Amino acid sequence: MRKLVYFVATSIDGYIAGPNGEFDFYPWADDMMADINARYPETVPTHLRAMIGLDAPNQRFDTVLMGRGTYQIDKAVTSPYAHLRQYVVSSTMKIEDPAVELVTGDPLGLVRRLKQEDGLDIYLCGGGKLAGALLPEIDEMIVKCYPVVAGAGISAFDGEFRPTVFTLTGSKTYGNGAVVMTYARQ
């Protein structure tokens, strides 16, 4: 069965972005980007792949789920992950691009249907509200924790109090002090 994998960048204090959606405060590291691009090339948006010379097939994911805020990071880009099946979960927006499917209702039902299909895993790209809603279906997390305290912003999980235990299955530290940790649901 396919897995839902939350692949996310966070600050030490658990924010995926600042109060206005900014994420440019994360320190860059060439070794980290090279490793992530080699292991998870499909997590690089389509419009950035050519700019960085990334021409690699999908290895881990063939589908991406995004919330409204994640989808609208660059409003000029209407199909940010054209190399994946794209779903945006939002009850407040309209999408004109036929390559992106808008989901206005039950995101848990969508994930449960997608998990039953054949294919690679499902990339949960963000944001925090969607991750909070989908927590019961998240099978694995790949958390890029940067050595920064944001102080405020968009939480990695926004929702009700629901302690959920995961097991650390791997970690790697990079030149910028960031640690990428992989967790599996217990």
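Tutor: Let us do so, starting with the ground rules. This is a predicted model, in which local features need pLDDT of at least 70 and side-chain atom pairs count only at pLDDT 80 or more, while totals for chains, interfaces and linings use all residues. Residues are numbered from 1 along each chain as its sequence is written, and side-chain values use heavy atoms, with hydrogens and water left out.

Student: Where is Pro-98 found, and why is Pro-98 called exposed?

Tutor: Pro-98 sits in the loop between β4 (85-89) and β5 (100-103), where strands are DSSP runs of E with at least two residues and helices are runs of H or I with at least four, numbered from the N terminus. Exposed means over 50% relative accessible area, buried means under 20%, and partly exposed lies in between, with a 1.4 Å probe and protein chains only. Pro-98 has 82% relative accessibility and therefore counts as exposed. From Pro-98 to Tyr-81, which is 17 residues away in sequence, the C-alpha to C-alpha distance is 13 Å.

Student: What makes Ala-17 buried or exposed by that rule?

Tutor: Ala-17, which belongs to strand β2 (residues 15-17), has a relative accessibility of 7%, so Ala-17 counts as buried. Leaving aside residues up to four places away in sequence, Ala-17 touches Glu-22, Phe-25, Tyr-26, Ala-152, Gly-153 and Ile-154, a contact being heavy atoms within 4.5 Å.

Student: How do you know whether Ala-131 is buried, and which residues does Ala-131 touch?

Tutor: Ala-131, placed in helix α5, has a relative accessible area of 0% and is therefore buried. Beyond residues up to four places away in sequence, Ala-131 touches Tyr-6, Leu-124, Ile-138, Ala-156 and Phe-157. One of these contacts, Ala-156, is 25 residues away in sequence, with 7.2 Å between the C-alpha atoms.

Student: Why is helix α4 described as largely enclosed?

Tutor: Helix α4 (residues 107-116) has ten residues and seven of them are buried, so the rest of the structure largely encloses it. The buried ones are Pro-107, Leu-108, Gly-109, Leu-110, Val-111, Leu-114 and Lys-115, and their cover includes β1 (4-10), β3 (61-67), β4, β5, β6 (121-126) and α5 (128-134).

Student: Which residues of helix α1 (residues 30-39) are buried, and what covers them?

Tutor: In α1 the buried residues are Met-32, Met-33, Asp-35, Ile-36 and Asn-37, and what covers them includes β1, β7 (140-145), β9 (166-173) and β10 (179-185).

Student: Which residues does the cis peptide bond join?

Tutor: The cis bond joins Gly-126 and Gly-127, with omega at about 10°, and Gly-127 lies in the loop between β6 and α5. Most peptide bonds are trans.

Student: What makes the lining of the second largest pocket four nonpolar, three polar and three charged residues?

Tutor: The lining consists of Gly-132, Leu-135, Met-141, Phe-157, Asp-158, Gly-159, Glu-160, Arg-162, Thr-164 and Phe-166. Ala, Val, Leu, Ile, Met, Phe, Trp, Tyr, Cys and Pro count as nonpolar, Asp, Glu, Lys and Arg as charged, and the others, Gly among them, as polar, and sorting the lining by class gives four nonpolar, three polar and three charged residues.

Student: How do you know that the radius of gyration agrees with a compact globule?

Tutor: The radius is taken over C-alpha atoms, and the globule rule is 2.2 Å times the number of residues to the power 0.38. For 186 residues a compact globule would have a value near 16 Å, and the protein has 16 Å, so the two agree. The C-alpha trace spans about 40 × 40 × 35 Å along its principal axes, and buried residues make up 48% of the 186 residues.

Technical notes: 1 Å grid on protein atoms, 1.4 Å probe; cavity = no way out; pocket = protein on both sides within 12 Å on 5 of 7 lines; lining within 4 Å.
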